[in-house]
Amino acid sequence: MNAPQPPDGYDPSAFEPFAVTVDLAVFTVREGRLHVLLIRRGQDPYAGAWALPGGFVLPRESAELAARRELAEETGLSDESAAALHLEQLRTYSEPDRDPRMRVVSVAYAALVPDLPEPRGGGDAAHAQWMPADAPPTLAFDHARILADARERIGAKLEYTCLATAFCPPEFTLGELQQVYETVWGVELDRPNFRRKVLASPGFVEPVEGPPRRTGGRGKPAAVYRAGNAATLHPPLLRPEGRSV
């Protein structure tokens, strides 16, 4: 399909050109800690610095297609793995001086995904690595702000969806589910209140028949659950505000 022609009298050169990029904040839970995918830049500006994966949107592609392409190119994820990720558009970052090369507007995406493989650098990324999200290195551009905004979005996503069960074994205890929330939110939750709220959300989890499972320590064996058929939480499981949930 041919691109539409500009109307008569319209002069594109009357407007200052600018570029559009995409940046991706991709999170996963590894070894009981929230991690974010970072790349070490192989080119100027900020050569050698850590950054979020991303790059320029090409003239004939959408921002979402560019995000998946850059994710595959810069991290070594297969095209199939990159295409399967659920990327949620975070916001647009458009401060005039956010990039020293030229005026650049970035569309940022966020994702929280289980079981992602070890990445490897590619494209203009010299190296790619999972790093703890609560203690990242100094990041290039305005990526520290994007990372902070993305962590907030991901935390909110656990309030209203059943995504946390994807980070548990197929059969899990409520203590294991609570650990996922504590890892992503970075808070300690009150166990009885957490249990009550989880069991009050229809379709969030369902019990597994059979004996309870001992999870260590001196407590009683814990009941085992699996993910239910709900996609959203009603009522939501809200984060605590300076107190246990």
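**Note on the predicted model: contacts across the chain**

1. The side chain of Asp 142 meets that of Arg 98 in a salt bridge, with N and O 2.7 Å apart. Arg 98 is buried as well, because its relative accessible area is 8% and the cut-off for buried is under 20%. The pair links distant parts of the chain, since Arg 98 sits in the loop between strand 5 and strand 6 while Asp 142 belongs to the loop between strand 7 and helix 3, 44 residues apart.

2. For the overall layout, the chain has five helices and nine strands, and from the N terminus on these elements follow the order β-β-β-β-α-α-β-β-β-α-α-α-β-β. The C-alpha trace spans about 75 × 40 × 35 Å along its principal axes, and 41% of the 245 residues count as buried. Among contacts with a separation of 6 or more, 67% are between residues 24 or more positions apart.

3. The whole structure contains 15 salt bridges, one of which joins the side chains of Arg 33 and Asp 134 at 3.0 Å, N to O. Arg 33 lies in strand 2 and Asp 134 in the loop between strand 7 and helix 3, so this pair ties together parts that are 101 residues apart in sequence. Arg 33 is partly exposed, at 36% relative accessibility, and Asp 134 is also partly exposed, at 47%.

4. A further salt bridge connects Glu 61 with Arg 69, where the closest N and O atoms are 2.6 Å apart; here Glu 61 is buried, with a relative accessible area of 17%. Arg 98 is likewise buried, and salt bridges that share partners join Glu 61, Arg 69, Glu 70 and Glu 73 into one network.

5. Four aromatic pairs are found in the whole structure. The rings of Tyr 10 and Phe 15 have centres 6.2 Å apart and planes at 25°, so this pair is stacked; Tyr 10 is partly exposed at 45% relative accessibility, whereas Phe 15 is exposed at 53%. In the pair of Tyr 46 and Phe 141, the centres are 4.8 Å apart and the planes stand at 65°, so the arrangement is edge-to-face. Tyr 46 lies in the loop between strand 2 and strand 3 and Phe 141 in the loop between strand 7 and helix 3, so the pair ties together parts that are 95 residues apart in sequence. Tyr 46 is partly exposed, at 39%, while Phe 141 is buried, at 16%.

6. Gln 178 has its place in helix 4, residues 174–185, and is buried, with a relative accessible area of 4%. A polar atom of the Gln 178 side chain lies 3.0 Å from the backbone oxygen of Leu 189. Leaving aside residues up to four places away in sequence, Gln 178 touches Leu 189, Asp 190, Arg 191 and Phe 194. Phe 194 also takes part in one aromatic cluster together with Tyr 181 and Trp 185.

7. Met 102 lies in the loop between strand 5 (88–93) and strand 6 (104–112), and is partly exposed, with a relative accessible area of 37%.

Note on methods
Residues are numbered from 1 along each chain as its sequence is written. This is a predicted model: local features need pLDDT of at least 70, side-chain atom pairs count only at pLDDT 80 or more; totals for chains, interfaces and linings use all residues. Side-chain values use heavy atoms; hydrogens and water are left out. Helices (H or I, at least four residues) and strands (E, at least two) are DSSP runs, numbered from the N terminus. Buried means under 20% relative accessible area, exposed over 50%, partly exposed in between (1.4 Å probe, protein chains only). A polar contact is a pair of N or O atoms within 3.5 Å; within protein, one must be able to donate a hydrogen and the other to accept it, and residues adjacent in sequence count only if both atoms are side-chain atoms. Contact means heavy atoms within 4.5 Å. Rings of Phe, Tyr and Trp (its six-membered ring) pair if their centres lie within 6.5 Å; planes under 30 degrees apart count as stacked, over 60 as edge-to-face and the rest as tilted. A salt bridge is a side-chain nitrogen of Lys or Arg within 4 Å of a carboxyl oxygen of Asp or Glu.
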